[in-house]
Amino acid sequence: MNELNGIRTKTTASQQRTFPRQMREFGLDLIVREGVFPSEDFHSWRWICENFPAFAGKIILEISCGFGLPGLWLAKTGALSVLASDINPSAVANTLENATRNDIRNVEVIESDIFSNIPHRRKFDIVFWNHPSNFAPEECEYVDDLERGAFDPGYSLLKRFLSEGPGFLTDKGYILLGFGTNARDDLLEQITADNDLTSLMLGSVTYPNGDVTYRLFSLFRRATSL
């Protein structure tokens with residue numbers, strides 16, 4: 001519970017900055033609005049952009065888009081199209097604003113609880129989620145939408161994602177999952193196996209304070225190879 005309290009303290013503190021916040025990253029002119037995680041507090045988006053696997057000409061679905069990275073950068077620099085989604089309406093509005101600011105036209109942004117509003121007919125080469133891999137007890141309830149991007153009670157969201165995600169993939173498509181080492185690898189392995197998926201770690205980075213290593217995994221159907 002102390003760990004959960006620490007996460008909640010960090011989430012609350014992230015909104016005590018002055019908004020809106022402006023930044024320029026990867027050639028994009030971006031703004032971060034209140035109600036969305038500021039870039040200073042959550043760093044994994046930058047490493048993801050720098051280490052995203054080949055995406056030129058790909059159709060991509062991003063779950064939990066936040067203020068818009070990496071989805072907008074993918075759309076701007078080679079992806080055929082990007083569908084960015086978030087359960088937080090503030091994040092949806094923020095990403096739409098940043099798409100307009102940068103004249104990015106091959107991106108759609110919608111409000112969705114994981115796949116709830118994604119049409120089942122849509123298929124993607126890559127389904128990506130920077131998963132809120134901090135584990136919390138199953139009975140834990142969210143205080144607000146922002147907390148949904150910080151932890152996953154009982155990994156119920158991860159279970160839904162890996163159960164439903166393969167149905168949105170093209171024949172050669174795969175799931176790309178961001179996952180921290182301050183997480184439950186044992187549950188990730190079990191959920192992966194339960195859904196008949198194969199997992200491959202593509203890369204990792206340890207942040208300067210040394211207490212968290214962030215990793216990217218590709219997950220694909222056992223009969224599919226990258």
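Which strand does T213 lie in? T213 is in strand β11, which covers residues 213–221. A strand here is a DSSP run of E with at least two residues, and a helix is a run of H or I with at least four, both numbered from the N terminus.

Some notes on the model. This is a predicted model, where local features need pLDDT of at least 70 and side-chain atom pairs count only at pLDDT 80 or more, while totals for chains, interfaces and linings use all residues. Numbering runs from 1 along each chain as its sequence is written, and side-chain values use heavy atoms, with hydrogens and water left out.

Back to T213. Its relative accessibility is 18%, so T213 counts as buried; buried means under 20% relative accessible area, with a 1.4 Å probe and protein chains only. Leaving aside residues up to four places away in sequence, T213 touches F179, G180, T181, S204, V205 and T206. Touching means contact, that is, heavy atoms within 4.5 Å. With T206 there is also a polar contact between the side chains, at 2.8 Å. A polar contact is a pair of N or O atoms within 3.5 Å, one able to donate a hydrogen and the other to accept it.

Now the whole protein. It has six helices and eleven strands. Of its 226 residues, 51% count as buried. Among contacts with a separation of 6 or more, 64% come from residues 24 or more positions apart. The C-alpha atoms fill a box of roughly 50 × 45 × 35 Å along the principal axes.

Technical notes:
Buried < 20%, exposed > 50% of the residue type's maximum accessible area, 1.4 Å probe, protein only.
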